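Subject: Structure for you to look at

Hello,

Here is the structure I promised. Please open it next to this note and follow along.

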Amino acid sequence: VDNSSTNQTIELLPSTTYSGNISYTGKDYLKIAGASNGTSVIDGNITLTNCTDFDLSNLKMHNGHSITINSSSGSDTHFITFMGSGSIEQYSGNLNDASGIVHNASSTSAAIYYYNTSGNAWGVDITDHDFGIWATANASMNVSTSTFCDNMLDLYANSGGYIYAPNNTMSAPWPQSIAGNVTGYSNDVCSKQLSKSDLLAD
């Protein structure tokens with residue numbers, strides 16, 4: 001990791017757990033790729049700062065660890081499965097995307113949090129959170145073709161944040177599971193009838 005340079009790909013082994021935190025500052029056009037079958041496990045936090053066009057893919061985040069991206073642009077996180085209450089947090093960047101994220105562990109925090117950052121999220125699956133996706137401090141997001149189940153709020157945008165969200169499956173009928181500056185329309189409702197989504201109908 002420390003010796004990597006521009007345009008390199010770090011390939012992780014399948015059925016292997018990597019323990020310890022990963023931190024990059026000022027590294028561009030790099031890719032960390034887990035095994036395509038999703039069995040490369042990170043037992044630590046991942047932090048990117050001042051990176052451009054960085055790619056994280058096919059990883060399992062273990063024990064509630066998170067991915068934090070600071071002051072970066074064009075960074076993509078895809079096919080990441082969270083095995084605990086961790087999250088993806090984006091701060092002060094632009095064009096940072098998330099796709100194929102699976103986060104079904106119960107949490108009182110947001111699964112995906114964008115602060116003063118623009119980007120897209122699609123094909124994500126978030127269950128049993130107080131907040132699915134939260135955009136704040138002038139963050140701007142497009143969220144589509146994603147599935148939300150049993151969340152208190154699927155989408156929340158405040159303090160100048162904005163979310164456009166067409167064609168998603170929601171925890172409760174639109175607009176019961178959204179709050180703040182969220183537009184678009186999603187007609188489908190998750191078939192799971194669990195505790196948090198039940199509260200939305202009360």
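Predicted model: local features only at pLDDT ≥ 70, side-chain atom pairs only at ≥ 80, totals over all residues.

How many bridges join strand E15 to strand E18, and do they run parallel or antiparallel? There are 5 bridges, and the two strands run parallel. E15 covers residues 129–136 and E18 covers residues 153–158.

**Strand pairing**

E18 has a further partner. Strand E21 (residues 178–180) pairs with E18 over 3 bridges, in the parallel sense. Here Leu155 stands opposite Ile178 in E21.

Strand E2 (residues 16–19) pairs with strand E5 (residues 40–43). That pairing is parallel and has 4 bridges. Thr16 stands opposite Ser40 in E5. E5 is also joined to E7, by 2 bridges, and these strands run parallel. On that side, Val41 stands opposite Lys60 in E7.

**Aromatic rings**

The structure holds 8 aromatic pairs. One of them is Trp134 with Tyr156. Their ring centres are 5.2 Å apart, with 45 degrees between the planes, so the pair counts as tilted, between the limits of 30 and 60 degrees. Trp134 lies in strand E15 and Tyr156 in strand E18, so the pair ties together parts that are 22 residues apart in sequence. The strands in question are the ones joined by 5 bridges. Trp134 is partly exposed, at 22% relative accessible area.

Ring pairs also build a cluster. Its members are Tyr91, Tyr113, Tyr115, Phe131, Trp134 and Tyr156.

Phe131 is in strand E15 too. Leaving out residues up to four places away in sequence, Phe131 touches Thr108, Ser109, Ala110, Ala111, Leu153 and Tyr156. Phe131 and Phe148 are 17 residues apart in sequence, and their C-alpha atoms are 10 Å apart in space.

**Cysteines**

How many disulfides does the count come to? The count comes to 1 disulfide. Cys149 and Cys190 form it, with their sulfur atoms 1.8 Å apart. The link is right-handed, with 100 degrees about the S-S bond. It connects distant parts of the chain, as the two cysteines are 41 residues apart. Cys149 is in strand E17 (residues 147–149). Cys190 is in the loop between strand E23 (188–189) and helix H1 (195–201).

Are these cysteines buried or exposed? Cys149 has a relative accessible area of 3%, so it is buried by the cut-off of under 20%. Cys190 is buried as well, at 7%. Cys51 also counts as buried, with 1% relative accessibility.

**His65**

Where is His65 found? His65 is in the loop between strand E7 (55–61) and strand E8 (67–70). Its relative accessibility is 18%, so His65 counts as buried under the 20% limit. The His65 side chain makes a polar contact with the side chain of Asp43, at 3.2 Å. Residues up to four places away aside, His65 touches Asp43, Gly44, Asn45, Phe82, Gly86 and Ser87. Asp43 falls within the residue range of E5 (40–43).

**Where to begin**

I would open the view on E15 and E18, with their 5 bridges.

Best wishes

How values were computed:
Residues numbered from 1 in each chain as written. Heavy atoms only, no water. Disulfide = S-S within 2.5 Å. Buried < 20%, exposed > 50% of the residue type's maximum accessible area, 1.4 Å probe, protein only. Pairing = 2+ DSSP bridges. Polar contact = N/O pair within 3.5 Å; in protein donor to acceptor, adjacent residues only side chain to side chain. Contact = heavy atoms within 4.5 Å. Phe/Tyr/Trp six-rings, centres within 6.5 Å; stacked < 30°, edge-to-face > 60°.
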